[in-house]
Amino acid sequence: MLRSRRLAAVAGAVILAAALAGCSTTVHLEPADDANNPGCAAVSVLLPDTVAGLDRVWTDAQATGAWGDPTVVLRCGVEPPAPSELVCTTIGGVDWLVLDQEEERQRLVTYGREPAVEVNIRRGEQIDFQTVVDTISSSIQPGLAPATAECTERVEFPAG
């Protein structure tokens, strides 16, 4: 009788684990070219569990993070941007270049940091872009390498 109870408990645990594993999804992302940079490991461990009410989802690429389905995607190890005429803004203590707006996404990349971090936010969602970037900035700032350059003309973050 005791053996059958143990067997039933183990079987129940296996079924529960399988059911929970079936509920989780992994988002396929391409890692950035410099995702192996040790600085990206320092950033990756600091990624928040939620961003603007969106839960973090698992990714299959090194030095990446995603929230929502994914509505927000982060990649560490992208090419650091050169000085530019693009909008540069400071959010959460981190300087970001606001890259040209795409039809479906708004992209930002850290400025003056190596490795650089890129954030993509899907447009058309009912989220506040500044809140997203502020949450990410505040979370990863302790893991970022010290800035070697900064925005010289800061502007307010453009409305999304």
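Trainee: Quick one to start: is Tyr 111 buried or exposed?
Mentor: Tyr 111 is buried, at a relative accessible area of 10%. Keep in mind that this is a predicted model.

Trainee: Where does Tyr 111 sit?
Mentor: In the loop between β8 and β9. Those two strands form a hairpin with five residues between them, and Gly 112 in the turn has a positive phi of about 80°.

Trainee: So which residues does Tyr 111 touch?
Mentor: Leaving out residues up to four places away in sequence, Tyr 111 touches Pro 81, Ala 82, Pro 83, Cys 88, Asp 95, Trp 96, Leu 97, Ala 149, Glu 150 and Cys 151. Take Ala 82: Tyr 111 and Ala 82 are 29 residues apart along the chain, and their C-alpha atoms are separated by 8.2 Å.

Trainee: And Thr 110, buried or exposed?
Mentor: Thr 110 is buried, with a relative accessible area of 0%. Thr 110 belongs to strand β8. Beyond residues up to four places away in sequence, its contacts are Pro 81, Val 94, Asp 95, Trp 96, Pro 115, Ala 116 and Val 117.

Trainee: You mention Pro 115. What's the peptide bond from Glu 114 to Pro 115 like, cis or trans?
Mentor: That bond is cis, with omega near 5°. Pro 115 lies in the loop between β8 and β9. There is also a cis bond from Asp 69 to Pro 70, with omega near -15°, and Pro 70 lies in the loop between β4 (64-67) and β5.

Trainee: OK, on to β9. How many of its seven residues are buried?
Mentor: Six of them, so to speak for residues 116-122, strand β9 is mostly covered.

Trainee: What does β9 pair with, and how many bridges are there?
Mentor: Strand β5 (residues 72-78) joins β9 through six bridges, running antiparallel. Leu 74 stands opposite Val 119 in β9. Strand β8 (residues 105-110) is also antiparallel to β9, with five bridges, and there Arg 105 stands opposite Arg 122.

Trainee: Zooming out, how many helices and strands does the chain have?
Mentor: Three helices and nine strands. From the N terminus on, the order is α-β-α-β-β-β-β-β-β-β-β-α.

Trainee: Which residues of α3 are buried?
Mentor: Phe 129, Val 132, Val 133, Ile 136, Ser 137 and Ile 140. Seen down the axis of α3, these buried residues fall within an arc of 120°, so they line one face of the helix.

Trainee: How far does α3 reach?
Mentor: Helix α3 covers residues 129-140 and reaches 17 Å from its first C-alpha to its last, close to the 16 Å expected.

Trainee: Last topic, confidence. What pLDDT does the chain average?
Mentor: The average is 84, and 82% of the residues score at least 70. Over residues 1-22, though, the pLDDT is below 50, and beyond near neighbours in sequence that stretch has zero contacts in the model.

Trainee: And how much of the chain is buried?
Mentor: Buried residues make up 39% of the 160 residues.

Note on methods: Residues numbered from 1 in each chain as written. Predicted model: local features only at pLDDT ≥ 70, side-chain atom pairs only at ≥ 80, totals over all residues. Heavy atoms only, no water. Helix = DSSP H or I, 4+ residues; strand = E, 2+ residues; numbered from the N terminus. Expected span 1.5 Å × (residues − 1). Buried < 20%, exposed > 50% of the residue type's maximum accessible area, 1.4 Å probe, protein only. Arc of directions from axis to C-beta. pLDDT = per-residue confidence, 0-100. Contact = heavy atoms within 4.5 Å. Pairing = 2+ DSSP bridges.
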